[in-house]
Amino acid sequence: MIQPAQPDLVTVYIDGKEIAVPKGTNVIEAAKMVGTDVPHYCYHEKLSVAGNCRMCLIELGMPMADRATREPIMDPETGKQKINWIPRPQIGCGTTVVPGMHVKTQSKMVKECREGVMEFLLINHPLDCPICDQAGECKLQEQATGYGRGYSRFIEQKNVKPKRTQLGPRVTLDDERCVLCSRCIRFSQEVAKDDVLGFVDRGSYSTLTCYPGKELSNNYSLNTVDICPVGALTSTDFRFKMRVWFLKQTDSIDTESSVGANTVVWSREGEIYRITPRQNDEVNDTWMADSGRVLYKEVQADNRLKPSSELATSVSAAASLLDDGNVAIVGSGRSSVEEQFLTAKLAKKIGAASYVVGRHGEGDGILISADRNPNTRGALVTGLISELPTTELSQLAADIDAGKVTTLLSVGEDLTAAGLSDEQLAKVNLVYVGSHSNATSAAATVIIPTLTVFEKSGTFINQQFRIQKFKSAVPGLKGAADDRVVLASLLEKLGDEAKGSDLASVWAEIAETVPALSGISYANVPKSGLLIDGSAWSGLDFPEGESLHFKPATAEASA
Amino acid sequence: MADILFYIFAAMTIGSAVAVVINPNAVNSALAFLVGLLGVSGLFVLLDSFLLAVLMILVYAGAVVALFLFIIMLLDMQGGERKPFSRPTAVAGFIGAALLAVCATSLLQGIGALETAEAGSAIGVGANLKHYADQLFTTYLLPVQVVGFLLLIAMLGVIVLSKKFEGLEDIK
Amino acid sequence: MSFKTVERKPLTLAERTYVPQILNGLSHTFKKMVKPNETLEYPEARPPIPEGYRGVPTLVKDPNGREKCVSCQLCEFVCPPKAIRIKPGEISADADTAHVEKAPQEFDIDMLRCIYCGLCQEVCPEEAIWLQNVFSVSGYTREELVNDKERLYELGGTLPDEHFKWDKKKAAEEAGNGAH
Amino acid sequence: MIDLYLSLPIWVQAAIKGLIAIGFLIPVAGACSLAERKVSAWIQGRPGPNRARAWGLGYIPILGPILQRLGVFHLMADGAKFVFKEDVVPGHVNKFYYYLAPLVALVPSLCTVVVVPFGAYFDAASETLKPLILADVDVGILAVFAIGSLSVYALILAGWASNSKYPFLGGVRASAQLISYELSMTLSVIPVFLWVNAPGPEATLSLFAVVESQSQAGLFGGMWFVFLMPMCAFIFLVSLFAETNRQPFDMPESEADLVGGFHTEYGEFKWSIFFVAEYAHMTIGSAVFVLLFLGGWNPLPWVPLEPLIAGLPVWLGGLLGAAFFLGKTFFFIFLFMWVRWTLPRFRYDQVMRLGWQKLLPLAIANVIFYALAIAVIERS
């Protein structure tokens with residue numbers, strides 16, 4: 001019996017299971033809700049429906065009613081209304097649910113259809129899984145195993161197509177493997193807004209290509225590789241580097257900008273091989289920018305700071321310099337919330353003025369925002385700064401010139417890039433806590449090498465005031481210390497009560513002292529992040545414009 | 001030549017005999033005893049008593065000392081603690097010393113007084129196997145049996161003394 | 001649980017002296033002594049290696065001298081003691097075998113770890129890794145016992161290719177099946 | 001030449017005798033160690049040591065390869081190895097006895113060889129056979145037993161001085177075993193000497209005399225004692241195996257349960273001395289058995305040596321006698337090895353039970369039986 005449907009819910013029957021789904025849902029999504037997998041290639045939940053792969057064929061039926069009287073026709077055997085099955089299969093992705101709809105996903109016809117589609121798809125497929133980078137995460141492999149016939153009747157010569165077409169600087173196309181699902185084309189049009197891809201030729205000769213004179217070079221081009229269900233589009237950077245089944249996946253956050261796209265870091269034996277987006281419908285859907293995918297290279301960069309002495313020695317040396325009285329601390333918008341909290345605590349402890357260097361660029365409206373610090377809001381929330389950071393530290397420069405500041409602590413920030421001159425740096429005792437060498441580390445009296453974001457764990461607060469976790473993907477460089485540990489031991493050396501530098505104890509302290517973060521611990525921040533109350537800072541003039549899932553407060557106000 | 005050998009063997013015998021007594025280590029004592037027996041057997045050789053020499057080694061050095069060592073090793077002798085002199089010890093010591101003095105005196109008095117057999121007149125006891133056997137089973141039959149019985153008693157004594165009667169304290 | 005008492009035949013007097021048995025044993029060993037040796041004098045004489053013997057894993061080339069391995073890393077994945085270490089690499093586009101695309105840059109088999117299980121051979125989709133008849137491996141250092149790619153090909157030599165998959169592919173490419 | 005020898009000072013004579021003893025026994029012991037390896041290999045169907053090749057000798061045509069196949073160069077290499085190996089002394093040992101033990105092993109076995117006659121030569125002056133012997137003492141067999149029994153001290157000392165559990169157990173077993181079997185061994189030869197010595201005032205324990213009495217004419221006269229007194233021979237042989245610590249009485253070593261037994265803590269040259277001593281012991285034992293029961297240098301039962309060599313030059317006759325004798329001895333050494341690779345080792349309690357409960361009563365009964373039998377025969 002049809003349940004009295006809620007206004008926006010539609011009741012459908014999938015393989016006999018009754019389920020109420022939101023209006024406008026298609027059959028693939030509805031089937032997913034009852035736990036049934038409808039195989040598909042071209043359909044992608046974040047893209048428009050194309051319906052060209054024909055893999056998601058299902059059988060569809062509606063309750064039978066008398067044409068004239070609209071009376072339901074009952075089946076005397078079961079006592080239920082008769083179902084009028086459509087004699088031909090329908091595609092699941094392109095079929096939106098209607099009340100009372102019946103779907104068969106496991107019937108004989110569906111099974112035969114799927115086998116047929118698989119056989120056709122594999123006709124010209126080169127079956128070069130051993131060399132294909134998609135192996136292990138290939139829909140063609142999975143669905144050939146799950147729904148294929150297991151053998152091919154095609155004995156003729158296969159088509160041989162170009163194997164390494166460069167579609168752009170970062171994407172290589174292997175034409176033979178393409179199943180013409182057009183996901184990449186739709187992505188370029190709909191998400192990246194850079195319409196460069198299309199199909200040419202017909203039949204077996206159909207080929208994906210760039211429009212003449214164009215290339216797939218936008219900053220989101222690698223998302224086409226992620227959504228490609230087969231091994232046709234491959235990342236030139238990751239191509240032939242490592243089989244995916246060896247890689248360990250660690251959740252992380254893109255540090256490029258304050259958008260804070262969720263990512264997965266793929267590593268093996270302490271070496272990172274690639275970074276891919278992680279789905280978070282509130283932040284980045286299933287996308288991320290290409291520029292964020294190469295950040296892992298900083299882990300093995302040549303200018304990594306290598307430890308020259310024991311951590312305890314350099315911490316004592318730094319602590320004795322900081323026990324001065326005329327200290328200024330330059331924190332960082334790239335540090336995690338925990339580090340910023342400890343920096344702020346340190347500044348308070350020694351009565352130092354604290355600064356954060358601002359970084360600004362142009363936002364692209366998708367997943368790169370104008371504020372290129374991933375954690376500016378963290379600095380505000382933890383009380384490290386109370387004003388928006390500036391790109392030039394002119395106040396600090398003036399203080400140094402006036403002799404009011406004689407000791408300077410920089411947490412990973414290059415101060416020359418922030419407007420301090422070499423002479424000014426030479427005037428002060430400089431302590432540098434950071435992972436890579438730069439002009440500031442060259443001028444520093446004490447250097448404490450620390451870890452990159454891939455080697456440590458922590459949280460960032462993005463432009464939405466969403467606090468998001470990242471975890472250590474690879475072990476840290478030998479001898480380099482976690483920033484959090486360095487700051488905690490500096491505090492301890494300067495006479496603070498030891499409270500432990502592990503995430504749990506730091507978070508216990510944060511939850512106690514930071515009002516906006518009370519009740520939060522590292523463990524209870526969910527995978528998709530946690531929105532915190534940022535209304536205290538709504539008066540500030542944040543530089544970000546609109547992006548995929550973010551509307552600036554001012555824009556909202558004006559709108 | 002024979003004189004030199006005599007002194008060597010004699011020194012060996014006496015030296016090792018002293019070592020047997022004064023050495024605190026039981027194994028050292030046992031081996032010193034062995035050396036002493038070899039010295040004695042050497043002396044017998046010098047007296048042309050090959051049979052006695054060989055029997056000395058065979059019986060004493062070969063079997064008895066081996067058994068002795070065997071027992072010492074198994075008993076795990078720790079250097080015994082020196083006990084303070086008690087009255088009976090002192091009395092026994094005095095009697096022993098007195099006896100030694102008597103023996104020594106009589107020996108000194110007897111120098112030259114003992115008749116020595118004429119050289120070559122008779123074969124020394126033990127020089128010849130048959131003669132030796134004959135003596136053993138006729139003239140010295142009783143002493144041999146008595147000494148054998150004494151040895152048996154001594155052996156029993158050793159067993160009784162060395163056996164640790166653990167768990168039998170209450171019976172005592 | 002029940003016990004079964006085994007009836008033993010009482011020994012005869014001769015048996016109890018053991019003497020006939022000892023003599024019998026002596027005659028047996030004497031016969032053995034005058035018989036020819038049963039052992040193989042190893043370095044000069046080698047045992048016949050049976051078909052399918054699983055000796056040292058090696059990499060083989062096809063009759064055209066082409067490197068068969070495409071560094072799919074399945075052997076690395078399946079290897080129980082993790083003796084195999086592969087660094088995949090790309091075949092440059094101007095190479096003769098460019099259509100194969102992928103070949104190992106480095107291929108190490110640590111013979112100190114290898115347990116000769118043959119799973120690598122079993123799993124290899126290209127029939128590139130074979131356990132062949134080399135059975136004695138020795139060296140003075142640990143490094144010597146890690147067979148690198150060069151050594152593996154030296155040990156493996158050439159084996160006939162059964163499927164000629166890549167040759168067929170090249171033929172198809174040259175026949176122009178992809179264009180029209 | 002004999003006159004020249006007799007004219008030398010007595011200590012030079014003694015030194016020459018000593019050198020002969022060493023010069024004979026040590027090469028024999030070395031050859032035995034090689035033979036042991038070869039015999040064991042052949043019995044086990046292996047070729048045995050056949051790899052080593054000396055730089056000069058090995059390239060001689062025909063002979064070189066033969067020597068190589070026989071593993072002769074292994075013997076040399078092993079000997080050299082033992083001499084040049086680093087002398088490692090464990091820290092926990094009693095140094096004095098630890099070093100003393102191998103010497104105690106070697107000296108008695110070298111000493112016993114002087115009273116063993118190795119053959120006989122025909123002395124034209126007295127028209128009798130004279131023994132080829134270093135020291136012709138009247139107590140021959142007793143001297144062998146007495147000095148031979150001293151070798152047990154080597155095992156005891158080695159076991160005790162090593163100050164470690166396995167050697168200690170080996171030493172204890174050795175002493176118990178040797179004492180147990182020495183009784184049966186001594187008892188088993190008594191009938192032989194009862195037979196050899198006629199009633200009367202004179203009596204001898206000389207081994208030469210035993211051979212002489214096996215070289216007489218007549219049925220009993222020419223009969224070897226192994227046929228006359230098989231039970232004596234049997235008891236003696238079993239005891240001999242036990243006394244020389246050979247399989248199946250390999251208790252002190254018994255590598256299966258005691259690692260190496262008394263010599264576990266020994267290595268290099270000291271270790272090799274133990275083995276020279278063991279093989280020397282084995283050689284002497286075999287020689288004594290041949291003398292007592294197998295007619296010494298007589299080629300065959302009822303075929304005495306004397307008439308054969310009476311016409312020959314002295315040196316040739318002596319050599320012939322020695323050859324017959326050594327041939328039999330070496331067969332016995334081979335027998336030792338043969339048995340070793342045939343029989344399994346006894347358990348220790350079995351060794352003790354066999355020694356005390358079987359062999360000793362048997363030996364006593366044997367003595368009584370032969371004593372009575374000989375008495376009856378002599379009377380008649």
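Biologist: Let's start with D:Asn245, in the loop between helix 11 (230-243) and helix 12 (255-258) of chain D. Is D:Asn245 buried or exposed, and how do you know?

Modeller: Happy to start there, and please keep in mind that this is a predicted model. D:Asn245 has a relative accessible area of 11%. Buried means under 20%, so D:Asn245 is called buried.

Biologist: What makes the backbone of D:Asn245 worth a remark?

Modeller: Its phi is positive, about 55°, although D:Asn245 is not a glycine. Most residues other than glycine have a negative phi.

Biologist: A:Leu180 also has a positive phi although it is not a glycine. Where does A:Leu180 lie, and why is it called partly exposed?

Modeller: A:Leu180, with a phi of about 60°, lies in the loop between strand 8 and helix 4 (183-190) of chain A. The relative accessible area of A:Leu180 is 25%. That value falls between the cut-offs of 20% and 50%, so the label is partly exposed.

Biologist: Strand 8 brings me to the sheet in chain A. How do you know that strand 8 and strand 11 of chain A pair?

Modeller: Pairing calls for at least two bridges. Strand 8 (residues 171-173) and strand 11 of chain A have three bridges, so they count as a pair, in the antiparallel sense. One bridge to look at joins A:Val171 to A:Ser235 in strand 11.

Biologist: Which strands of chain A form that open sheet, and in what order?

Modeller: The three strands run in the order 7-8-11, with antiparallel pairing. Strand 7 (165-166) and strand 11 (233-235) of chain A each have a single partner strand, so each stands at an edge with one side left without a neighbour in the sheet.

Biologist: What makes you call helix 12 of chain A largely enclosed?

Modeller: Eight of the 11 residues of helix 12 (residues 483-493) of chain A are buried, so the rest of the structure largely encloses this helix. Among the buried ones are A:Asp483, A:Arg484, A:Val486 and A:Leu487. Their cover includes helix 6 (311-322), helix 7 (337-350), strand 18 (429-434), strand 19 (446-449) and helix 13 (503-513) of chain A. Just after helix 12 of chain A comes A:Gly495, with a positive phi of about 100°.

Biologist: And chain B: how many helices and strands are there?

Modeller: Chain B has six helices and zero strands. Of the 172 residues in chain B, 20% are buried.

Biologist: On to chain D and chain C. Why is the link between D:Arg69 and C:Glu41 called a salt bridge?

Modeller: A salt bridge needs a side-chain nitrogen of Lys or Arg within 4 Å of a carboxyl oxygen of Asp or Glu. The closest N and O atoms of D:Arg69 and C:Glu41 are 2.8 Å apart, so the pair meets the rule. Between chain D and chain C the count is three salt bridges.

Biologist: Which helices of chain D each supply at least two residues of the side that touches chain C?

Modeller: Those are helix 2 (10-43) and helix 15 (314-340) of chain D. The residues on that side of chain D comprise 10 nonpolar, three polar and three charged.

Biologist: How many residues are in contact across chain D and chain C, and what area is buried there?

Modeller: 16 residues of chain D are in contact with 15 residues of chain C. The buried area is about 1300 Å², with carbon and sulfur atoms giving 65%.

Terms used. Residues are numbered from 1 along each chain as its sequence is written. Chains are lettered from A and ligands numbered from 1 in the order in which they are written. This is a predicted model: local features need pLDDT of at least 70, side-chain atom pairs count only at pLDDT 80 or more; totals for chains, interfaces and linings use all residues. Side-chain values use heavy atoms; hydrogens and water are left out. Contact means heavy atoms within 4.5 Å. Buried area is the accessible area (1.4 Å probe) that two parts lose on being put together, summed over both. Helices (H or I, at least four residues) and strands (E, at least two) are DSSP runs, numbered from the N terminus. Ala, Val, Leu, Ile, Met, Phe, Trp, Tyr, Cys and Pro count as nonpolar, Asp, Glu, Lys and Arg as charged, and the others, Gly among them, as polar. Buried means under 20% relative accessible area, exposed over 50%, partly exposed in between (1.4 Å probe, protein chains only).
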